[in-house]
Every structure is written in C-alpha cells, then in structure tokens.
Amino acid sequence: MFRATHAIVSFLCCSAIVILGAGCGEDEKATPQVVFSGDVQQATGKDCRDSGPLFEVGEFGNPGANLPSKPVKDGEAAGQGTVSIACSVVPSGTDEFAVDATVNLSGATGGLFKLEGKFKTTGEQTDLRVIASAKRSANGYDQRDRGCIARYTDGMGVAAGRVWAEIDCPNAINTSDDNRACRVTAQFRFENCAQ
C-alpha cells in the first residue's frame with residue numbers, strides 16, 4: 001500500500017512541476033523577416049532624375065513552378081550588406097490592421113523602404129505613406145500626401161503580424177528638392193512582425 005501511495009504522490013508532484021515549469025518560460029518571438037523588391041520610375045509630368053531598381057532582399061519564389069520564397073531575417077546578410085527590419089502589423093478595427101514596417105539594407109546595393117498606414121483584408125489600400133531610397137543614388141523619396149495605393153494579387157494579404165502586397169506611389173517627392181518627384185513601386189512581404 002505504501003508503494004502505491006508513494007507512486008501516486010510522486011506522479012502528481014512530477015506532473016505539477018512539469019505543468020508549472022511549462023508556464024514559467026516566456027514565449028520565444030519569431031524574428032521578423034522580409035522579401036522586398038522596389039523600383040524608381042519617371043513620374044508623369046515630374047522631373048525625376050532617377051530610374052531603376054531601389055534594392056532587393058530575398059526572393060518571392062514561384063509557387064506555380066515549385067520555387068519557394070526565400071525571406072531574409074532581421075540581422076542576416078543580403079547582397080553586399082545586412083538587413084535591418086522593424087515592423088508591426090496590429091489589429092485596429094474590424095478586418096483592419098495598422099501597419100508600420102521598415103526594411104533597411106546596408107551596403108552599396110542597399111536602400112531603405114518605410115511604409116505606414118491602415119490595411120484592410122480586401123480591396124485596394126489607400127492613404128499610405130512610403131519613404132524610399134537607394135544607396136546607389138543620393139536621392140530619397142517621400143509620398144507625403146499619403147497617395148500610395150497597395151493591391152493584393154494571388155496569395156497576398158494582411159493578417160496580424162504579416163503583410164504582403166504590391167504598392168504604387170505615383171508622386172514620391174525628392175527629399176532634397178520639392179520640385180522633383182518620381183514614381184516608386186514595390187512588392188513587399190513582411191512576416192513575424194509585432195502584433
């Protein structure tokens with residue numbers, strides 16, 4: 001009888017320790033990661049002195065051809081530099097998320113892309129601000145009037161902690177000369193963001 005009681009007490013104590021121990025540790029947060037590709041183009045009726053790629057981070061892949069995407073995590077190397085990511089995609093209403101996301105790639109082929117605004121789960125996304133620059137150019141661009149439009153195509157969308165879309169900023173003002181503007185377009189996929 002003593003052995004049976006001892007075994008039951010030991011089992012209950014060990015189970016309690018395992019259960020309590022599981023709740024003591026903090027949940028490990030996933031590292032933010034991104035896939036990004038952007039371009040600067042001539043804007044309609046504007047004096048744009050730049051054209052060509054902003055910069056690229058990772059690969060979007062092609063599900064139809066069985067090519068997986070290759071995101072790059074915060075702090076990892078990409079191209080000739082290192083990637084820094086700061087992002088949050090937080091619920092802010094019914095089917096709506098507040099997005100604040102930045103990717104910065106150091107090195108000669110790097111650049112900066114910063115996005116802020118509200119994203120709904122469907123339709124075109126408007127009232128968005130983008131700041132972008134490429135290391136190859138001395139110019140930076142800022143769509144100050146929040147006139148950028150984001151669209152979802154196959155597989156893209158927004159949810160807590162992640163956003164994937166294509167964006168078009170038709171009047172991104174040159175940050176060193178208000179009389180010049182370019183069109184900035186990009187595709188971005190931020191994941192593991194604060195939520």
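Visitor: What is a salt bridge, and which residues are linked in a network of salt bridges here?

Guide: A salt bridge is a side-chain nitrogen of Lys or Arg within 4 Å of a carboxyl oxygen of Asp or Glu. In this structure D100, K114, E116, D127 and R146 are linked in a network of such bridges, and by this rule the count comes to 14 salt bridges. This is a predicted model, in which local features need pLDDT of at least 70 and side-chain atom pairs count only at pLDDT 80 or more, while totals for chains, interfaces and linings use all residues. Residues are numbered from 1 along each chain as its sequence is written, and side-chain values use heavy atoms, with hydrogens and water left out.

Visitor: How many helices and strands are there in the protein chain?

Guide: Helices (H or I, at least four residues) and strands (E, at least two) are DSSP runs, numbered from the N terminus. The protein chain has 1 helix and 13 strands, and along the sequence they follow the pattern α-β-β-β-β-β-β-β-β-β-β-β-β-β.

Visitor: Where do D100 and K114 lie?

Guide: The side chains of D100 and K114 meet in a salt bridge, with 2.8 Å from N to O. D100 lies in strand 6 (residues 96-105) and K114 in strand 7 (residues 111-120), so the pair ties together parts that are 14 residues apart in sequence.

Visitor: Which parts of the chain does the pair D47 and R180 link?

Guide: The side chains of D47 and R180 form a salt bridge at 3.5 Å, N to O. This pair links distant parts of the chain, since D47 is in the loop between strand 1 (33-42) and strand 2 (52-57), whereas R180 is in strand 13 (residues 177-191), 133 residues apart.

Visitor: Are R189 and E191 buried or exposed?

Guide: Buried means under 20% relative accessible area, exposed means over 50%, and partly exposed lies in between (1.4 Å probe, protein chains only). R189, at 16% relative accessibility, counts as buried, and E191, at 15%, counts as buried too; their side chains meet in a salt bridge of 3.0 Å, N to O. By contrast, D47 is partly exposed at 34%, as is R180 at 22%, and in the other pair D100 is partly exposed at 35% and K114 at 23%.

Visitor: What share of the residues of the protein chain count as buried?

Guide: Of the 195 residues of the protein chain, 37% count as buried. For contacts (heavy atoms within 4.5 Å), residues 24 or more positions apart account for 53% of those with a separation of 6 or more in the protein chain.
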